[in-house]
Amino acid sequence: MTEPTASEGLSNLLHEQRRFEPPAELAAAANYGASAYAQASADRLGFWETQARRLDWQTEWSQALDWSNAPFARWFVGGRLNASVNCVDRHVAAGRGDKVAIHFEGEPGDTRTITYAELGELVAQAANALTSLGIAAGDRVAIYLPMSVEAVVSMLACARLGAIHSVIFGGFSAQAIFDRVVDADASLVITADGGYRRGKVFALKPIVDEALAKGETGVRTVLVVKRGGNDVDWTEGRDQWWSDTVGTAATVHTPEFFDAENPLFILYTSGTTGKPKGILHTTGGYLTQVAYTHNAAFDLKPDTDVYWCTADIGWVTGHSYIVYGPLANGATQVIYEGTPDTPHQGRFWEIAAKYGVTLLYTAPTTIRTFMKWGEDIPAKFDLSSLRLLGSVGEPINPEAWMWYRRVIGGDRCPIVDTWWQTETGAMMISPLPGVTATKPGSAMRALPGVSVDVVDDQGNPVPDGGGGLLVLTEPWPSMLRGIWGDNDRFIETYWSRFADHGYYFAGDGAKKDSDGDLWLLGRVDDVMNVSGHRISTTEVESALVSHPSVAEAAVVGATDPTTGQGIVAFVILRGNAADGGSAMVTELRNHVAKEIGAIAKPRQIMVVAELPKTRSGKIMRRLLRDVAEHRSIGDVTTLADSTVMDLISSGMAKTP
Ligand code: WTA
């Protein structure tokens, strides 16, 4: 049985006795009551069809689910719709054009207020401009933008045309952009000169230039939003300013309607190998589940709520819970460009107070950072508008959960800890805020319509009180439809482990408590979770060994009090580099940042003479994790050379 990486302290978790009932007022007016569970289990597909009717369909589907070619699902077969019409036009048509869609807050303090009517005009302009640049249904468009209105507009414009967007997080390197652009064969890149972060302009266009100079790509056009005002080089014939192209286009656009299974986007995420996977999502099922879950888990009241998700649009949380879910639901939301400590550590709370945020969705790592900064900082701001708090991205420890509830939520806001993945597209496990009595640290139950279990290695459900692997036992509308260009890897990664049962293997360890409620324990594979970002150990290892001075590298995720996990690398240097000292370590950290992005920079790099390997040559990461987490070393009997660990541990003791 694979050992869950975050199992330490688990017995403490399961002794967690605190319970928080839903606030009576919220429960009385909740969008979803307890009957939703019964309805969904009595008729799961019927339940999803009801959810699909939240959307406007040009043609209704003839079949809810076609699972005959499992694991390749087709949901709402034969239905036709347009995602951008659902996110924008229909709200305008219903007389809500003057409602604010986006309160944009730039890091330097500039703001923009965009109504649904204005958003509609911006999306129409972008769709017209993309069409004039030759983009049509099925084409791939890479988006490398800061948090901005243009990022939302670009995604919706692609969706409007049936083109497939591939958003690349603004912190990724030129190499990462190149790999993604080539893998998806994108023909257009939308970027900005730069954006603001930590009080400074960070360059984006120069990184795109560097990426596209790395080799052959299919990119014909680079569309550049002006934001940072930094100098940029210009490739005539390829580069175009957004203001010249989009800004001058017509503000009306007649949409086409697409099949429910028309691809909507590709989003790359780390797997257990060095090569990121292009997770493919399609239109009808995805939009159905993000709209439903955004309404259900946040108890969204579109007329009165002000919603704020602090994720970046470059991650799936931004796709599902900044762009598609909230906009499909006609919500008013805040989008913030920068970091929480610019220009001061109260910036988030200042923003929440300024816009009267009622629903806040953030990550445990952010909450732990705020805990570190101290509760006197949020105390300076009026947070009384908040009525519900969400958490996503990694397991939330009970201390952080309690702090979030008490300090940010004033002990009155329910917390929804939502478990899901890039692959699931939308939330799968979460409390229903009007129904569920929550427990600090537990994501509680599958949402109505979703079927999960915790199983042992053979696929048998574990009893209450037991731990094992999290699986999804039935298909769900927003499930990934595959890995771009790699069906075999799709089947192998998610569907082979429990092929006999037909279960989706999520890669997470989990535990059922004595009530059958779920506690997520972190990844069971070689994927690390650093500040809620998925990074594979192999990816960092291959970045390290691509440096000429590195002979071998092994990377582990070590528990970190703020970021969840921190990246710790063990490297063997080549002969003549071996005495490079701390300058070499710095160089290697920067090298990883250059190869992948700053998020993948190892917290610590240890130069070692040997790595612990089994007789068959497999690196025993478990032992390295023991070292990195300052534990006594586990069983070394399967090591080819059992003295290796003594050498490594004594070396570790000497490094700061
Ligand atoms: C982890 C982010 C515990 C988990 C939406 C999953 C969580 C991975 C939670 C997906 C949660 C996400 N509790 N763990 N509430 N939410 N995770 O693809 O390990 O960036 O497999 O999607 O994050 O990360 P991804």
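Me: Ser531 sits in the loop between strand S26 (527–530) and strand S27 (533–536). What is phi of Ser531 near?

Reply: Welcome! Bear in mind that this is a predicted model. Phi of Ser531 is near 50°. That value is positive, and Ser531 is a residue other than glycine.

Me: Thanks! Which residues does a cis peptide bond join?

Reply: Look at the omega angle of the bond. Pro71 belongs to the loop between strand S1 (63–66) and strand S2 (74–77). Another joins Thr342 and Pro343, where omega is about -5°. To find Pro343, go to the loop between strand S17 (332–336) and helix H13 (347–355).

Me: Now the helices. At roughly what angle do the axes of H8 and H9 cross?

Reply: Start with the axes. Those of helix H8 (residues 174–184) and helix H9 (residues 205–212) cross at roughly 60° and come within 8 Å. H8 is therefore oblique to H9. The crossing of H8 past H9 is right-handed.

Me: Which residues of H8 and H9 meet?

Reply: From H8, take Ala174, Ile177, Phe178 and Val181; in H9 they meet Ile207, Val208, Glu210, Ala211 and Leu212. Sorted by class, the residues of this contact of H8 with H9 are eight nonpolar, no polar and one charged.

Me: Can we read another pair? How do H7 and H12 cross?

Reply: The axes of helix H7 (residues 149–161) and helix H12 (residues 316–328) come within 11 Å, crossing at roughly 60°. As a result, H7 is oblique to H12. H7 passes H12 in a crossing that is right-handed. On the H7 side, the contact is made by Val152, Met155, Leu156 and Ala159, and on the H12 side by His319, Val323, Tyr324 and Leu327. The classes in this contact of H7 with H12 are seven nonpolar, one polar and no charged residues.

Me: Last stop, the ligand. Which residues come nearest?

Reply: There are 17 residues around the ligand, and of these Asp417, Thr418, Thr422, Asp508 and Arg534 come nearest.

Me: How far are polar side-chain atoms from the oxygen atoms of the ligand?

Reply: Take the residues one by one. For Thr422, a polar side-chain atom lies 2.6 Å from an oxygen atom of the ligand. For Asp508, an N or O atom in the side chain is 2.7 Å from a ligand oxygen atom. For Arg534, an N or O atom in the side chain is also 2.7 Å from an oxygen atom of the ligand.

Methods: Residues numbered from 1 in each chain as written. Predicted model: local features only at pLDDT ≥ 70, side-chain atom pairs only at ≥ 80, totals over all residues. Heavy atoms only, no water. Axes fitted to C-alpha atoms, helices over the stretch in contact; angles between N-to-C directions. Helix = DSSP H or I, 4+ residues; strand = E, 2+ residues; numbered from the N terminus. Parallel < 35°, antiparallel > 145°, perpendicular 65-115°, else oblique. Left-handed = near helix turned anticlockwise from the far one by under 90°. Contact = heavy atoms within 4.5 Å. Nonpolar A, V, L, I, M, F, W, Y, C, P; charged D, E, K, R; others polar. Near = heavy atom within 4 Å. Polar contact = N/O pair within 3.5 Å; in protein donor to acceptor, adjacent residues only side chain to side chain.
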